[in-house]
Amino acid sequence: MARFKKIPQVHEGKVVYYDGIIDGIVLLAIKEIPYIELDTKETSSLSRNNAIKVKRAQDGIHIDVTVKIHYSQNVSDMAFKIQESIRHNVEAMTERHVASVNVHISGVSFDDKTDEFKAQTNETTENANTTENK
């Protein structure tokens, strides 16, 4: 029988998270949600910074995100999903408290990407079903 010894955690150093790291985490959180895209006019990193704003304060991290939502989706439900996804990912990856996540809906996207998203969703569902049946 194995014996495990609990080792106390000693924090002797300082961990610093730059805003660019948190921007990247927020970007990943947004990409996980279908039917959402950042409101960027161009594909440069400068315009991405306009869509994601991170501020640090005494009470935690404040995040502002500007996105477009596909016309087929409920705006309030999607905004809530965005907030929860960003809060969960940032707190899990950085162990820092997120004080607020403000989602700004700048517009509605009328691109016909719904077929692509439905196809992706169906593929993942089918793959999950086939692995469960094995």
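The following legends describe close-up views of a predicted model.

Residues are numbered from 1 along each chain as its sequence is written. In this predicted model, local features need pLDDT of at least 70 and side-chain atom pairs count only at pLDDT 80 or more, whereas totals for chains, interfaces and linings use all residues; side-chain values use heavy atoms, with hydrogens and water left out.

**View 1. The chain contains 4 helices and 4 strands.** Helices (H or I, at least four residues) and strands (E, at least two) are DSSP runs, numbered from the N terminus. Along the sequence, these elements follow the pattern α-β-α-β-β-α-β-α. Of the 134 residues in the chain, 31% are buried; buried means under 20% relative accessible area, exposed over 50%, and partly exposed in between (1.4 Å probe, protein chains only). The chain has an accessible surface of about 10000 Å², and carbon and sulfur atoms account for 50% of this area. Accessible areas come from the Shrake-Rupley method with a 1.4 Å probe; for residues, only the protein chains shown count as cover. Among contacts (heavy atoms within 4.5 Å) between residues at least 6 apart in sequence, 75% join residues at least 24 apart.

**View 2. Strand 2 and strand 3 form an antiparallel pair.** Strand 2 (residues 52-57) is joined to strand 3 by 6 bridges; two strands pair if DSSP finds at least two bridges between them. A hairpin connects strand 2 to strand 3 through 2 residues. Within this pair, Ile52 stands opposite Val65 of strand 3.

**View 3. Lys68 forms a salt bridge with Asp39.** A salt bridge is a side-chain nitrogen of Lys or Arg within 4 Å of a carboxyl oxygen of Asp or Glu, and the count by this rule is 1. The closest N and O atoms of Lys68 and Asp39 are 4.0 Å apart. The pair links distant parts of the chain, 29 residues apart: Lys68 lies in strand 3 (residues 60-70), and Asp39 in the loop between strand 1 (36-38) and helix 2 (45-51). Lys68 is partly exposed, at 28% relative accessibility, while Asp39 is buried, with a relative accessible area of 15%.

**View 4. Val16, Tyr18 and Ile21 make a nonpolar surface patch.** The patch covers about 330 Å². Patches are made of residues with over 30% relative accessible area and no salt bridge: like charges are joined within 9 Å, nonpolar side chains (Val, Leu, Ile, Met, Phe, Trp, Tyr) within 5 Å. Tyr18 belongs to the segment before helix 1 (19-31) and is exposed, with a relative accessible area of 61%.
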